[in-house]
Amino acid sequence: MGPGERGPRRRTLRVRADAPGVEAELDEEVRFHLEKKVEALMAEGWSREDAEAEAHRRFGDVNEVKRGMRRMTRKKERKMMVGGWREAVFQDIRYALRTLREKPLFAVVVSLTLALGIGVNTAIFSVVDGILFRPLPFPEPDELVVLWTDVTARGGPDDEWFSYANFRDVRDEAASLEAAAAWGGWSPTWTDTQEPQQLGLPSSRRGCCPRCSAWTRSRGGRSCPRITSRARRDGCSSATASGSAPSAAIPPLWDRR
Amino acid sequence: MTESNLNLIRGTVDLLILKALSGGERHGYAVSEWLREATDGTLLVEEGTLYPALHRLEAKGWVEAEWGLSDNNRRAKYYRLTHAGAERLEAERRTWSLYASAVDKALAEDAAG
């Protein structure tokens, strides 16, 4: 790099107080002062030479004074640069708003894109928040267990649903569980000579919480001991407290057939 | 015209400059002349103090400057009090009055006993 290449580039990076214009103004301001002083002294009878010497003597070190002025000017420039930056941001915002106003279709597309993006984000976060971040609404959610029936001995799977009778045994007799609740989501379709008919679990309609289909009963006789307040609100308390098997609710089907 | 025989108490320079500009816009030389006349030549704000102070006041937004033409069509930088500068002048004037009268009172008291 030649010596000539550095100069201009460096100058552009400097604070503007060092720019030629500002420096010239400092010079001009000082020169004006000195000239006025010389005139005043000459009006008092000083010779021009003496007056100039005296004016400079009284002024003091010109370079020192200019240094002081330059320092203050730099401060001002910095303030103005911050102001200019703010102005540029507002200008951009105004430009964006103007563009949106002039091109409504573009504005609509932009708005929809933003809305979709924000909406999807919110939805995903809601799900993640509910599933991953928020603990289940039970007193000790980390002690909840799910039980399945192992029917491999009879050639079945090891995660079969409980029969109601087995559930009742577990609920009433398993010492390691404080309470037990069951839910059923099985909804078979009955087909015979007549029209196919979805059976669902009658108990989930009649006996228990219609939303979670949970059959619950605490061993101590209180119902829904540790189930969510929502399940309680939805009527879980009546649950299967009568002790009757949910399947008993099926007869209406047989009545219909 | 006598030379200054008093050094300005630090902090009063701003007050005096603001006061000098409260009568209308002035360039630096006129400010220094006004100060000398207004104090009967007792106070002299040296140029080495005056000009950096003018630029400092400008940086603070208490005065604003504009280039204009003086007598003989020479370009001069004129300083003018801003609204904030006028408020500042009032505030500093009050402070100074309190300060000066307090010092006066203390000096007038009998210090014996």
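1. Helix α3 of chain B is followed by G61(B), a residue with a positive phi, near 85°. Helices here are DSSP runs of H or I of at least four residues, strands are runs of E of at least two, and both are numbered from the N terminus. This is a predicted model, in which local features need pLDDT of at least 70 and side-chain atom pairs count only at pLDDT 80 or more, while totals for chains, interfaces and linings use all residues. Residues are numbered from 1 along each chain as its sequence is written, chains are lettered from A and ligands numbered from 1 in the order in which they are written, and side-chain values use heavy atoms, with hydrogens and water left out.

2. Helix α3(B) covers residues 47–60, which makes 14 residues. From the first C-alpha to the last, α3(B) reaches 20 Å, close to the 20 Å expected at 1.5 Å a residue; the expected span is 1.5 Å times one less than the number of residues. Because 10 of its 14 residues are buried, α3(B) is largely enclosed by the rest of the structure. Buried means under 20% relative accessible area, exposed means over 50%, and partly exposed lies in between (1.4 Å probe, protein chains only). Among the buried residues of α3(B) are L50(B), Y51(B), L54(B) and L57(B).

3. Which residues does G48(B) touch, leaving aside its neighbours within four places in sequence? G48(B) lies in helix α3 of chain B and is partly exposed, with a relative accessible area of 34%. Its contacts, with those neighbours left aside, are F59(A) and V65(A). A contact means heavy atoms within 4.5 Å.

4. Chain B as a whole contains 4 helices and 3 strands. Read from the N terminus, its elements follow the order α-β-α-α-β-β-α. Of its 113 residues, 39% count as buried. Among the contacts in chain B with a separation of 6 or more, 52% come from residues 24 or more positions apart. The accessible surface of chain B comes to about 6,500 Å², and 51% of this belongs to carbon and sulfur atoms. Such areas come from the Shrake-Rupley method with a 1.4 Å probe, and for residues only the protein chains shown count as cover.

5. The strands of chain B form an open sheet of 3 strands in the order β1-β3-β2, with antiparallel pairing. Its edge strands are β1 (26–27) and β2 (63–69), each of which pairs on one side only. Two strands pair if DSSP finds at least two bridges between them. β1(B) and β3(B), the latter at residues 75–81, are joined in the antiparallel sense over 2 bridges; R26(B) has Y79(B) of β3(B) as its bridge partner.

6. β2(B) and β3(B) pair in the antiparallel sense over 7 bridges. In this pairing, L69(B) has R75(B) as its bridge partner in β3(B), and A65(B) stands opposite Y79(B). The two strands form a hairpin with 5 residues between them, and N72(B) in the turn has a positive phi of about 60°. As for cover, 5 of the 7 residues of β3(B) are buried, so that this strand is mostly covered.

7. Helix α1(B) is mostly covered, with 9 of its 10 residues buried. These include V13(B), L15(B), L16(B), I17(B) and L18(B). The buried residues of α1(B) pack against β1, α2 (28–38), α3, β2, β3 and α4 (83–108) of chain B.

8. D40(B) deserves a separate remark. Most residues other than glycine have a negative phi. D40(B) is not a glycine, although its phi is positive, at about 55°. D40(B) is placed in the loop between α2 and α3 of chain B and is exposed, with a relative accessible area of 69%.

9. Is E54(A) buried or exposed? At 11% relative accessibility, E54(A) counts as buried. This residue is found in helix α3 of chain A, at residues 48–59. The side chain of E54(A) makes a polar contact with that of R57(A), at 2.8 Å. A polar contact is a pair of N or O atoms within 3.5 Å; within protein, one must be able to donate a hydrogen and the other to accept it, and residues adjacent in sequence count only if both atoms are side-chain atoms. Not counting residues up to four places away in sequence, E54(A) touches L41(A) and W46(A).
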